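This note sets out, in numbered points, comments on the structure shown below. Please read each point alongside the sequence and the coordinates.

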Amino acid sequence: MKTMTTVAVSMIVCGLLAAMKTTHAADPALLLPAERGAMARAYVLKWGNYVERVYRIPVSTWANRMVPTFTHARPENFREAISRNTFESASAALSGRGQRLSDQQALAGLAHVLHGGSHSNSELAAKALGSYTSDLTYTPLQPCRIVDTRVAGGAIGANQSRAFNALVAQGGNFTAQGGMGHDCQSLTSSEAAAVVINITAVGPSAAGYATAHPYGFARPATSSLNYTAGSIVNNTVITRIPSPINSKDFTLYSFAASDYVVDIVGYFAPPVSTELDITTRAAQAVISANSEGYVRYAECPVGYARTGGDCWGALFLPNTYLKETGPAQCVFFNGSSQAESFTAQTRCAKVPGR
C-alpha cells in the first residue's frame with residue numbers, strides 16, 4: 001500500500017491546527033493552540049505512515065479522528081508520546097497510560113507473539129496492547145442520542161450493515177447520523193476503550209435480530225437484540241472502540257429492514273493516573289525548661305492516610321534535641337532555661353481520580 005508523503009501529512013496537520021484554533025480556546029496553564037498544533041504535527045508525521053501500513057487506516061482518516069485527543073491531551077502526556085519509539089506505547093502515553101506500556105514491553109509483546117506463530121502486524125499490535133486496555137473502569141453518562149435512522153440515513157435494509165460514530169468526531173456533534181447537535185459530554189478517543197449503548201429497533205419488517213460490533217472487525221455470530229415484525233424493542237450493549245481510532249466506531253447489522261435509535265449511556269476507560277493529593281496537619285505543645293515532653297501527631301482528614309511526619313522546634317538551643325520519633329508522637333528534651341514550643345507535623349495523602 002502506498003503511504004502518504006511527508007508533504008501530504010504536513011497539509012493534514014495544518015488542517016488539524018486550524019481546527020484546534022476554532023474548537024479549543026487557549027489554556028495558558030497548559031499549551032497554546034500553536035504549541036499543541038506543533039506537537040500534533042510531530043505525532044502525525046512520526047506515526048501516520050505506520051498507522052496506514054500496519055492498520056490499513058488512511059492517514060487523513062486517522063489524523064482527523066485524533067483531533068479531539070490532540071486537543072485535550074495533557075502536555076506531559078503529549079511530550080512523552082512523541083518521545084516513544086513504538087506506536088503502541090506512544091498511544092498509551094498520549095492517553096496517560098504510558099506507565100503501563102513502555103517501548104520495551106511493546107517490543108517484547110510483539111516478539112513473544114512472533115515466536116508463537118504467524119500473525120499480521122495488526123494482530124501482533126492488538127495482542128501487545130492487551131495489558132493496558134484490560135483494566136477499565138465504568139463511567140455512566142446522561143443518556144444521549146447518537147443515532148436515529150428515522151432522522152438521518154433511513155432504515156437499515158435487510159441483511160445490511162451501517163457504521164456509526166460513538167465518540168466525538170471533528171464536527172463535534174451527531175446530527176449527521178440523526179443524533180444530538182452537541183458532543184454528548186465530549187468523549188474522545190483517548191478516554192473510551194469501549195462504549196455502552198442502548199439500541200432500539202423500531203418497526204422491523206420481519207422477525208430477526210441486530211448485531212453491534214467494533215467497526216472494521218468481522219461480525220460475530222451473535223445477536224445484540226432480537227425482535228418480531230413491527231415491534232419496538234431495545235437492549236443495552238457494550239462495544240469496543242477500534243484502536244487506533246478509525247473513521248467509524250461501531251457497525252450495526254440488521255437481519256430484517258428496520259429503523260434504529262441508539263443512545264450512549266456510559267463508557268469504559270482505563271484508570272486515570274493522577275498525582276497524590278497531599279495535605280499536612282500540625283500539632284504543637286509547650287515543654288517546660290530542662291524537661292522532656294512529647295507532641296502527638298494530628299489525625300489525618302477523613303479519606304486520607306498518614307504517610308509520614310516531621311518534628312521540629314527550638315532544636316538549635318544548647319542541650320535541646322529530638323529524643324525519639326514514633327508512629328504516634330515526637331519526643332523532645334528541652335534543655336534550655338525557659339519553656340519552648342515544639343511541633344509535630346503529619347503528612348497525609350490520598351489517591352484522587354477513578
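Comments on the predicted model

1. Salt bridge within one stretch of chain. Glu80 and Arg84 meet through their side chains in a salt bridge, at 2.7 Å from N to O. A salt bridge here is a side-chain nitrogen of Lys or Arg within 4 Å of a carboxyl oxygen of Asp or Glu. Glu80 is partly exposed, with a relative accessible area of 36%, whereas Arg84 counts as buried at 9%. Buried means under 20% relative accessible area, exposed means over 50%, and partly exposed lies in between (1.4 Å probe, protein chains only).

2. Basis of the values. This is a predicted model, in which local features need pLDDT of at least 70 and side-chain atom pairs count only at pLDDT 80 or more, while totals for chains, interfaces and linings use all residues. Residues are numbered from 1 along each chain as its sequence is written, and side-chain values use heavy atoms, with hydrogens and water left out.

3. Overall composition. The secondary structure comes to nine helices and 14 strands. Helices (H or I, at least four residues) and strands (E, at least two) are DSSP runs, numbered from the N terminus. Of the 354 residues, 44% count as buried. Among contacts between residues at least 6 apart in sequence, 72% join residues at least 24 apart; contact means heavy atoms within 4.5 Å. The protein exposes about 17,300 Å², and carbon and sulfur atoms supply 53% of this area. Accessible areas come from the Shrake-Rupley method with a 1.4 Å probe, and for residues only the protein chains shown count as cover.

4. Glu292 is partly exposed, with a relative accessible area of 47%, and Lys323 is partly exposed, with a relative accessible area of 47%.

5. The loop between E6 and E7. Asn246 is also found in this loop and counts as buried, at 14% relative accessibility. Which residues does Asn246 contact, leaving aside its neighbours within four places in sequence? They are Ile57, Thr61, Arg65 and Tyr215. The C-alpha atoms of Asn246 and Trp62 are separated by 5.7 Å, although these residues are 184 apart along the chain.

6. Nonpolar cores. A nonpolar core is a set of buried Ala, Val, Leu, Ile, Met, Phe, Trp, Tyr and Cys residues joined through side-chain atoms within 4.5 Å. The largest core has 53 residues, of which Tyr43, Trp62, Ile146, Val195, Ile197 and Ile199 touch the most other members. Helix H2 (residues 33-55) gives the most to this core, with nine residues. Beyond four places in sequence, the residues that Tyr43 touches include Trp62, Phe70, Phe78 and Phe87. A second, separate core of ten residues includes Ala283, Cys330, Phe332 and Ala344.

7. Aromatic pairs. Rings of Phe, Tyr and Trp (its six-membered ring) pair if their centres lie within 6.5 Å; planes under 30 degrees apart count as stacked, over 60 as edge-to-face and the rest as tilted. The count comes to 15 aromatic pairs. Tyr138 and Phe268 form a tilted pair, 5.1 Å centre to centre with 45° between the planes. Tyr138 in strand E1 (residues 137-148) and Phe268 in strand E8 (residues 259-269) are 130 residues apart. Elsewhere, ring pairs link Tyr43, Trp47, Tyr50, Tyr55, Trp62, Phe70, Phe78 and Phe87 into a cluster.

8. Helix H6. Helix H6 (residues 87-94) is mostly covered, with eight of its eight residues buried. Among them are Phe87, Glu88 and Leu94. H6 is followed by Gly96, whose phi is positive, near 90°.
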